[in-house]
Protein chains: 2
Amino acid sequence: MHLSIIFVDAALELVPKSLWGHPSVRATAARRGKKPGEILLDKSLHYHAMKRLPFSHKRGRPDILHVCLLLALSSILNKEGLLRVYVETLEKQWITINPETRLPRNYNRFVGLMEQLLIYGKVPPGASDPLMKVERVSSLREKFAELGISRVYLLSEKGKLIKARRLAEEIVHEKSPAVLIGCFPRGDVSEEVQNSADEIVAIAPYSLDAWAVTCRIISSVEDVVEARGERLENPGKG
Amino acid sequence: MHLSIIFVDAALELVPKSLWGHPSVRATAARRGKKPGEILLDKSLHYHAMKRLPFSHKRGRPDILHVCLLLALSSILNKEGLLRVYVETLEKQWITINPETRLPRNYNRFVGLMEQLLIYGKVPPGASDPLMKVERVSSLREKFAELGISRVYLLSEKGKLIKARRLAEEIVHEKSPAVLIGCFPRGDVSEEVQNSADEIVAIAPYSLDAWAVTCRIISSVEDVVEARGERLENPGKG
């Protein structure tokens, strides 16, 4: 079993051209010695500017993705080589992350890294085997097929309620399952994401922060994997 | 069962007086319109200044606490009223957090809030029933007794290896268990913290980021609580 966690509709983008002239955008860019189109859209800085944007309630929250990625990459599941991590953004960019990437812990450094990624298409910019790379994805279903994914679970509070442990057992039963977790502040996942899922499931009867879902899914899968004795360290103990 | 999660030796402090004159500290303070003693020590900004400090490898990382607190407060366990969250800092400050606190998601706003907390002793500063409050703690053991804690588990890579699920079963068996998780970048927990624990346990044979431990413990406890059917929502489903 290899689990793919795919953070979908992630609220990660460079400031769109229509906002380049806004005072808050120009101020952030100037303070950081960058051009307005080279910085991430960030609701904590560009709240007023964003009022003009369509779907603004889903945008400008790279902090959500930061916490989710930290959790996924630091997990035992990742350290054991059983996890793949991808990001699909609201703009339909697809980001592949090398499992050995050591993500910046500091938010402001993470922002700098993601800006570099979105501008150059990969980090480090000159690498032939980059830690992260971006590509356009025209069809999620095709991408999943290309990755050999056997079943796609979308986590959504509107899905069928299932205990996390039972969901983890189903997941581990698959050869190459994918779990989709929305990485945006409010609202529904996009229609394309919904249509790409085989099952839509909820692990609580109310909405949860993306990192709470990430944490629970990874941990429950780890518990099931450990219960099956698939991991080799510490035989006979614990 | 009420679980107390206590983030220990947390790398959270205002810039100490000995560094007030350092250029990097003065620059951060000036940029934010604050005095050097009113801002958090932050390794990503004050790396060079911190070289002079004792125990500098354990200090200046409020980002670790931020992610851990986000996870704990967003968890199903907290939403179900089964969690209490406390912080003990390297300086022996004790922070009590109201379970209904909505923590800032943005790191820079979290920093501002924690500065306010450490300066005024509570937030909001004027509240009679604050969301967070700080006190001095002279003895951890006495504090645990005051909170009625029945058993104290310290998570440390040097502890006895145990599967997270089995640990969670032990925890849930207690009336008022506490789990101590170090919130600093490197090194051992302080001797006092070690001595305050009834058991020292590890859930992996290598060191894990504090948020990975937080995530796993909370999730495994949630799984055990759900398996016992102690939660009422969704009877007969899932």
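**Strands and helices in a predicted model**

Strand S3 of chain B, which spans residues 93-97, is mostly covered, with four of its five residues buried.

On one hand, S3(B) pairs with strand S2 of chain B, residues 83-89, in the antiparallel sense and over four bridges. Within this pairing, B:Val87 has B:Ile95 of S3(B) as its bridge partner. The hairpin made by S2(B) and S3(B) has three residues between the strands, and in it B:Lys92 takes a positive phi near 65°. On the other hand, S3(B) also pairs with strand S5 of chain B, residues 132-136, again in the antiparallel sense, here over five bridges. B:Ile95 takes part in this pairing too, with B:Val134 of S5(B) as its bridge partner.

In general, two packed helices are described by the angle between their axes and the distance between the axes. For helix H3 (residues 62-74) and helix H9 (residues 210-227) of chain B, the axes come within 9 Å and cross at roughly 15°. Since angles under 35 degrees count as roughly parallel, H3(B) and H9(B) are therefore described as roughly parallel to each other. The crossing in which H3(B) passes H9(B) is right-handed. On the side of H3(B), the contact is made by B:Ile64, B:Val67, B:Cys68, B:Leu71 and B:Ala72, while H9(B) contributes B:Ala210, B:Trp211, B:Thr214, B:Cys215 and B:Ile218. Sorted by class, this contact of H3(B) with H9(B) has nine nonpolar residues, one polar residue and no charged residues.

Chain A shows how strands are arranged in a whole sheet. Eight strands of chain A form an open sheet with mixed pairing, and their order is S4-S5-S3-S2-S1-S7-S6-S8. Strand S4 (122-123) and strand S8 (199-202) of chain A stand at the edges, and because each has a single partner strand, one side of each is left without a neighbour in the sheet.

Terms used:
Residues numbered from 1 in each chain as written. Chains lettered and ligands numbered in written order. Predicted model: local features only at pLDDT ≥ 70, side-chain atom pairs only at ≥ 80, totals over all residues. Heavy atoms only, no water. Pairing = 2+ DSSP bridges. Helix = DSSP H or I, 4+ residues; strand = E, 2+ residues; numbered from the N terminus. Axes fitted to C-alpha atoms, helices over the stretch in contact; angles between N-to-C directions. Parallel < 35°, antiparallel > 145°, perpendicular 65-115°, else oblique. Left-handed = near helix turned anticlockwise from the far one by under 90°. Contact = heavy atoms within 4.5 Å. Nonpolar A, V, L, I, M, F, W, Y, C, P; charged D, E, K, R; others polar. Buried < 20%, exposed > 50% of the residue type's maximum accessible area, 1.4 Å probe, protein only.
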